[in-house]
Amino acid sequence: MNSPIAAGQVKRTVLPNGLTCLVRPSPDSGAVAIHGFVKAGAIFDRDRPGLARFTASTLMRGTARRSGPQLAEDLDAIGAGLAVASGLETVVFSGRALSDDAAALLDATAEVLAEPSFPDDEVERVRGELITSARVNSLDTRHTSERVFRRLAYPAGHPHGHNPDGDEAVLASLTPDDLRAFHAEHLRPEAAAVVVVGDVDPSRATDLVAASFGRWPARGGWAIPGFPAPRAPSGILREESVLPGKSQADLVLGTHGIARTDPDYYAVMLANLLLGQLGMMGRIGENVRERQGMAYYAYSDLRAGLLAGPWWVRAGVHPSNLERAIAAITHEIELLQRDGPTDDELADARTYLVGSLAVRLETNQGIAQTLADIELFALGLDYIERYPEIIGGVSREAIVEAIRRFPTEGYALAIAGPQREG
Amino acid sequence: MHDVHATTLSNGLKVLIQESHAAPVATFWVWYRVGSRNEPSGYTGISHWVEHMLFKGTPAHPSGTLTRLIDRLGGRWNAFTWKDYTVYFEVMPVEHIGVAVRLEADRMQNTVFDPEVVAGERTVIISEREGAENYPAYYLREEVEALAFKAHPYRQPVIGWKGDLRAITRDDLYRHYRTYYHPSNAIAVAVGDFDAGQTAALIEEVLGPVPPGDPVPAVRAEEPEQEGERRVVLRRPGGATALLQMAFHVPRAGHPDLPALLVLDGILSGFKGVVPFDGGTGGRSSRLYRALVDGGLATEVGTGLTPSIDPTLFRIGATARSGVEAGALEAAVNREIARLHDEPADTAELARVKRQAQAQFVYLRDGVFRRAMALGMFEAVDWQETPHNLIESVVGVSAADVTRVARTYLSDRRRTVGHYLPEDGPEDGAPEVVS
């Protein structure tokens, strides 16, 4: 079977200003999808959680060339979409347009990233939206359990320990100049990549990216700042938040995971797949949902990024089932740590990962997103071609060792839900 | 979308097949014409529960092995239940599409309803419902729907009322399954990197021998004309900010006013397409976004219309910016509705919405999944249109058409208004965010 992304199909160019451009043709789709990142997320917030988020959220609200409403009208007039979102590590953007409008979409994207103007009235409007969103999320059980988990699992000052919504006091105090300064310092072409997938000639698409993004001035070197290394707690750090008016309790149990570039990544990823994803949410789903009927969702997730993001188990249960669900989760982790996976399970996990490439990469948007990850983590353009070999090369022993890294003696456990009886 | 091969097998199964050669994958779907629309009082949520049971195995594919089988072949699968339909799908590497067809044929007929498994799933579904209950917007939606319809089962939530979920028995579920799951009440859709003729032969071979089943009970309920505005104010803890939901009665799929209503929807919040779960691409130049979000009243606003078998609702929803009252949101929405009644849409605005519609139609081609969803949905709600013809109708809509449907359907008499007001939360009495 042909690989869904072959190195020979992808044209990779680094512009003089340091921006990386990847183009992969997809004839006959009639459209283009773009996806990209700037390594300018909350890793640069320092003591102002919410600064990166506020900056990224205001990028589309006006540029040196167009007001926010004008930009919105221009995109709507061609039926194009463009969205910019800030994560803890990167600012991510994605969009789509008819292939005839590829230039217009790329122009708008470059303008938004390189030349935002942060108009006073738009900054105030975004401030109100972000503060509202933070307040809504402070009464949301899933957001609250995640927020508390991050605080418990990460040392102070670590970006993964931040409230992803930002701190309300910080959001309230930032000025347009603060956003401009953050933009000027951190949104730089050297830290960015743009992927174009669709019904365009690769050379022409590269020229379009060069024409629109070439104006973005180079800033020089780029590095992730140093952070205190997260360490698993010596005991169980448990915290419950009581929220009024709720029916269900949501829980997050786990620790920090590993970085995507860690050599053990594939072993830990496979271990996590077996623990809480494969089939109906892995071993954890099999026990908590299928056998005990306690939850609609119970799964594990490994957030391996530039830094060691969380490795957590999440579930939503009736408050009266909380202790039983937690016991079932830790039991499954311990069982997998003690006995390892069965041969069948392991074979299924491997065939699933390799066999599902075609299905996971069947849309332009899916391919664009995967190419952006390949660039972000320097995996190489032949990554998808090498993928079967990579997955086949992870030994059973390495997977068992990886699952044993999940600390059952010391972890963070955050719960948010209604007042419990008794 | 012109090249759809449509046939009906002798057992009544409608089959829609389309080739797509962009990637070596294929998708197979079965749509059953059953959902909360078909549920009598006391049995709400039963269609969705049956959907869950179809993942629990058959004698040939015992519990647990189904998911493993799909995983091992590199596929993904899922299902969803809506008011008008219950839908199952697989997306597979194209060489394994036959597995999906055989699996669907098997679970259409042979799903085991083991009493213990039924009991375990009862609590899973109650947990699904309780997860939704954590959001005040969910409660408000239930209130608004139950108020907007007094006779028609569209008033019921798809997940079901909790009392019904506690009471439904194994035999109720099995009877529902037997009543609605058969070829003459189903639509099969396949889209993929295959030869359409060979796929048609495969579907005929596997699903052709399945007995057609008896005609399903008719849904007789007809919603009477609404005689005056209805309102609900929901006060409960759990939320931080006020919410507004509005619903207007509009016609069923296939009614000649639908294209104009879709354009109206586009003018208010951006054109979204008609495939379930499809969002629009933009909409930030739309009237409601400008008035409510740019206007500093709301953090988000949306409108929508799900094409349905029976007359349905056109919905408007908005989340207040912290400190803004629901009444202020409602007044701003009312001003925009009055403008639609009083002034024709301007040419550039109309052109923008139509261009969005045309672009959405092209985006539908990205991947087999959404193409198949579009084909199945049109058929399931008896919409005698193809997505392609629909776009042509949308392009033909005039400013006068928009004014006419706005006056006809977006009237006070036809609407239900719901406000959610936060109570006892930490935000009570919080200062407004000043801009």
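**Entry 1: the domains of chain A**

How far apart do the C-alpha centres of domain 1 of chain A and domain 2 of chain A lie? I found that they lie 27 Å apart. The domain assignment of chain A places domain 1 at 8-213 and domain 2 at 237-417; such bounds come from an automatic or database domain assignment. I noted that this is a predicted model, in which local features need pLDDT of at least 70 and side-chain atom pairs count only at pLDDT 80 or more, while totals for chains, interfaces and linings use all residues. Residues are numbered from 1 along each chain as its sequence is written, and chains are lettered from A and ligands numbered from 1 in the order in which they are written.

I then looked up the contact between these two domains, which takes 31 residues from domain 1 of chain A and 34 residues from domain 2 of chain A. Two residues are in contact if their C-beta atoms, placed from the backbone, lie within 7 Å. On the side of domain 1 of chain A that touches domain 2 of chain A, the elements giving two or more residues are β2, β3 (31-38), α5 (141-153) and β6 of chain A. Helices (H or I, at least four residues) and strands (E, at least two) are DSSP runs, numbered from the N terminus. On this side α5(A) gives the most, with nine residues. By class I recorded 16 nonpolar, 10 polar and five charged residues on that side of domain 1 of chain A. Here Ala, Val, Leu, Ile, Met, Phe, Trp, Tyr, Cys and Pro count as nonpolar, Asp, Glu, Lys and Arg as charged, and the others, Gly among them, as polar.

**Entry 2: a sheet in chain A**

I traced an open sheet of six strands in chain A, with the order β1-β2-β6-β3-β5-β4 and mixed pairing. Two strands pair if DSSP finds at least two bridges between them. β1 (11-14) and β4 (81-86) of chain A stand at the edges with a single partner strand each, so one side of each has no neighbour in the sheet. From one strand to the next the twist averages 10°. Axes are lines fitted to C-alpha atoms, for helices over the stretch in contact, and angles run from 0 to 180 degrees between N-to-C directions.

How many bridges join β1(A) to strand β2 (residues 20-25) of chain A? I noted four, and the two strands run antiparallel. The bridge partner of K11(A) in β2(A) is V23(A). Helix α8 (residues 202-213) of chain A lies across β1, β2 and β6 (192-198) of chain A and runs at about 150° to β2(A).

**Entry 3: chain B as a whole**

I recorded 15 helices and 11 strands in chain B. Its radius of gyration is 23 Å, close to the 22 Å that the globule rule gives for 435 residues, so chain B is as compact as a globular protein of that length. This radius is taken over C-alpha atoms, and the globule rule is 2.2 Å times the number of residues to the power 0.38. Along the principal axes, the C-alpha atoms of chain B fill a box of roughly 60 × 50 × 40 Å.

The domain assignment of chain B gives domain 1 (5-207) and domain 2 (230-422). Their centres are separated by 27 Å. The contact takes 33 residues from domain 1 of chain B and 27 residues from domain 2 of chain B. On the domain 1 side of this contact in chain B, α5(B) gives the most, with nine residues. That side divides into 20 nonpolar, six polar and seven charged residues.

**Entry 4: helix α9 of chain B**

At what angle do helix α9 (residues 258-269) and helix α15 (residues 399-409) of chain B pack? The angle is about 90°, with the axes 9 Å apart. α9(B) and α15(B) are therefore roughly perpendicular to each other; this class covers 65 to 115 degrees, whereas angles under 35 count as roughly parallel, over 145 as roughly antiparallel and the rest as oblique. Among the contact residues I noted L261(B) and L264(B) of α9(B), and V402(B) and Y409(B) of α15(B). This contact has nine nonpolar, no polar and one charged residue.

The axes of α9(B) and helix α10 (residues 287-294) of chain B come within 3 Å and cross at roughly 30°. That makes α9(B) roughly parallel to α10(B). I267(B), L268(B) and S269(B) in α9(B) meet R287(B), L288(B) and Y289(B) in α10(B).

**Entry 5: where the chains meet**

The contact takes 59 residues from chain B and 58 residues from chain A. On the side of chain B that touches chain A, α4(B) gives the most, with nine residues. That side of chain B divides into 16 nonpolar, 25 polar and 18 charged residues.
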